[in-house]
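Reader: Hello! I would like a close look at one part of this protein, and I hope you can walk me through it.

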Amino acid sequence: MARLNGLGLVWHLLYHVSLEISESVDNYAHSEAQRPFFYNMLTFMAENKKLFKNIMTTDTHVDIFGDLVKLVSRMMRDDAEQNEENNDPIIRQIREAEHPILMSDFYSSGLIEVLKRWLENDYQIDVEEMAATLEVIFKVESSENQ
C-alpha cells in the first residue's frame, strides 16, 4: 500500500469515518419502526450531538453534510422500495411519487438542514419538542395516535 501524505491520510480517515457514521445512522434510524423516521434520526443526532456538530461545521473542502443528505435520501428511498408495510407518511409519499428521487432528496435536505441548525443551537428546544414540531411540519401522526 502506498504511503499517504497528510491530505491523503485525512481524506482516507474521513472516508472511513463517514462509512461508520452511515452504518450507525442507518441501523439506528430503523431501530424503532413504530416511530417516524425523522424522530429516530433526531434522537441519534442528539445522542451524538458533539460528533454531528463537528462534522456539519467542518472545512468546506469536505462535504460531509452533503454526504449525510444523500445517505438519508437513499435510506428513505430504500424504505419506500423495500418495505411495503412501512406506513410512515413521508415514506408513503416517496413510494407513491412519480419522481421518488426528487421527493426523497427534498425531504432529506430539509430535514438535515433543520437538524443542523438545531445542533448549532439556532433552535434551543429539547428532543421531544423538536420531534413534535417535525411531526407538525411533516404532518405525521404521533405514535400515540396510531
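At the start of α5, which backbone nitrogen does a side-chain oxygen of D88 reach? And please go on from there to the surroundings of the helix.

Author: Happy to. This is a predicted model, in which local features need pLDDT of at least 70, side-chain atom pairs count only at pLDDT 80 or more, and totals for chains, interfaces and linings use all residues. Residues are numbered from 1 along each chain as its sequence is written, and side-chain values use heavy atoms, with hydrogens and water left out.

At the start of α5, a side-chain oxygen of D88 comes to within 2.9 Å of the backbone nitrogen of I90. Helices here are DSSP runs of H or I with at least four residues, numbered from the N terminus, while strands are E runs of at least two. The buried residues of α5 are P89, I90, I91 and I94; buried means under 20% relative accessible area, with exposed over 50% and partly exposed in between, using a 1.4 Å probe on protein chains only.

Now for the neighbour. α4 and α5 pack at about 75°, and their axes are 8 Å apart; axes are lines fitted to C-alpha atoms, for helices over the stretch in contact, and angles run from 0 to 180 degrees between N-to-C directions. That makes α4 roughly perpendicular to α5, a label for angles of 65 to 115 degrees. On the α4 side the contact (heavy atoms within 4.5 Å) is made by M76, R77, D79 and A80, and on the α5 side by I90, I91, I94 and R95. Those residues divide into five nonpolar, no polar and three charged.

The largest nonpolar core has 27 residues, and M76, L115 and L134 have the most contacts inside it. Such a core is a set of buried Ala, Val, Leu, Ile, Met, Phe, Trp, Tyr and Cys residues joined through side-chain atoms within 4.5 Å. Two or more residues each come from α2 (37–47), α4 (64–82), α5 (89–96), α6 (100–119) and α7 (127–137), and α4 gives the most, with seven.

M76 is also touched by S108, along with V69, V72 and S73, not counting residues up to four places away in sequence. S108 lies in helix α6 and is buried, with a relative accessible area of 0%. A polar atom of the S108 side chain lies 3.2 Å from the backbone oxygen of D105.

Stepping back, the protein chain has seven helices and zero strands, and 36% of its 146 residues count as buried.

Terms used. Polar contact = N/O pair within 3.5 Å; in protein donor to acceptor, adjacent residues only side chain to side chain. Parallel < 35°, antiparallel > 145°, perpendicular 65-115°, else oblique. Nonpolar A, V, L, I, M, F, W, Y, C, P; charged D, E, K, R; others polar.
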